[in-house]
Amino acid sequence: MKSNNIDYDIIIIGGGASGMMAASSVVKNKKVLLIEKNNILGKKLLITGGGRCNLTNAELDLRKLLKNYKKAEQFLYSAFTQYGVKDSLDFFNIRNMPTKVEDYGRVFPVSDSARSVYNVLIKEIKNKNIDLLSNANVQNILHDKKQVTGVEVEINKKKIVYTAKKYILATGGTSHPETGSTGDAYAWLEHMGHTVHTPKPSLVPLRSNDIWLKKLQGIALQDIKINLFADGQKVDSRKGKILFTHYGVSGPTILNMSKNISDYLDKKQKVYLNLDLLPQYDHGALNKILTDIFQKNAKKKVVNILSDLINKNLISIILQNSKIDESLTGTNITKELRMILIENIKNVKINIQGLLDESEAVIADGGVDIREIDFKNMQSKVIENLYVIGDLLNIDRPSGGYSLQLCWTTGFLAGRG
């Protein structure tokens, strides 16, 4: 094993979102090395948000924003006061990457491409003249009781130790391991004396064996009410988007419910969803609407009449559940059939067998105990020249831009710190 002959000011381990932001934020003229195990930086960043990149959430009220980070709220106040949502938006906007706000405050590049976010960060890293070491597999982080003393890296089957005054650990958690995010750093951190909470998939699509769902693959429904039942009791209810897939259901609202669903399944409880396709109408209002449109379209087939109210891909399934023949016309729909139809529009049942595995998780919770990190600059309270950022931190958060904002905030503070 040989040592490199350059002593860096900063070594950043991990070239994902938080590592790239840390590199982008360092003061110019610092000697910085960015180590990445893949052949390119930002591999996970390029696929986030289905390739569109939900880069932050537009909630500018800091108190409201931080409530989404649950138990970490009080820890993050100092960090987000220094670098928050507006700072992130300004960072990308002034570098000629315009953004737009969609439902629930989700912010995307106007280009609808994660590549736009990636390009801004890459250009900034190049402007800082940062040394990049790619295809580099970190074998170990060398340390004594107080400090990191070097990073042992394997390149082309040769082991080299790189040294610096300061080390930023940004290797990510365990979600999407195909992008290189395999949780390697957890063992290193534990060996250095940090407490690490076991990672568990947090935002994960749901698996269902209901055969009819396969007919809806790729269909998305907006603003529907999603009721969650465990052992017959309603335990959660949210309004939002659902995406039907070949394995079950996904979408932002489903992902944000998945952690609770996992807990119920772990208790061996029977879990199912009930979808209210028209939550804006109660039973009485919907009855009046259906009575009116069936009378006005007495000679039309019911399957065609309902297309003005319900996504056409679901109509056959609802009629089948209601035991109503598709060939019936408006005049054939009796009050009794109408009541059955209403019940099936407002209660579409989906049985949940489980969650997809960790490789499909948007994020995994768990990680370094946040009580062991100084959130003014992301410095470890255990190892004085170590800084821990991004998905390595034990911070639970929902879908909607909150994960990347955590990366931007913690990455900036560590890089600038």
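**Exercise 1. What does the side chain of Ser307 reach, and at what distance?**

Solution. 
- Start with the contact. The side chain of Ser307 reaches the backbone oxygen of Asn304 at 2.6 Å. A polar contact is a pair of N or O atoms within 3.5 Å; within protein, one must be able to donate a hydrogen and the other to accept it, and residues adjacent in sequence count only if both atoms are side-chain atoms.
- Know the source. This is a predicted model, where local features need pLDDT of at least 70 and side-chain atom pairs count only at pLDDT 80 or more, while totals for chains, interfaces and linings use all residues. Residues are numbered from 1 along each chain as its sequence is written, and side-chain values use heavy atoms, leaving out hydrogens and water.
- Ser307 sits in the loop between helix 9 (302–305) and helix 10 (312–321). Helices (H or I, at least four residues) and strands (E, at least two) are DSSP runs, numbered from the N terminus.
- Ser307 is partly exposed, at 37% relative accessible area. Buried means under 20%, exposed over 50%, and partly exposed in between (1.4 Å probe, protein chains only).
- Take a distance. Val151 is 156 residues from Ser307 in sequence and 62 Å away in space, C-alpha to C-alpha.

**Exercise 2. Is Lys299 buried or exposed?**

Solution. 
- Locate Lys299. It lies in the loop between helix 8 (283–296) and helix 9.
- Read the area. Lys299 has a relative accessible area of 81%, so it is exposed.
- Asn332 is 33 residues from Lys299 along the chain, and their C-alpha atoms are separated by 9.0 Å.

**Exercise 3. How many helices and strands does the protein chain have?**

Solution. 
- Count the elements. The protein chain has 12 helices and 21 strands.
- Take the span. The C-alpha trace covers about 85 × 45 × 40 Å along its principal axes.
- Find the burial. Of the 417 residues, 53% are buried.
- Look at contacts (heavy atoms within 4.5 Å). Among those with a separation of 6 or more, 70% join residues 24 or more positions apart.
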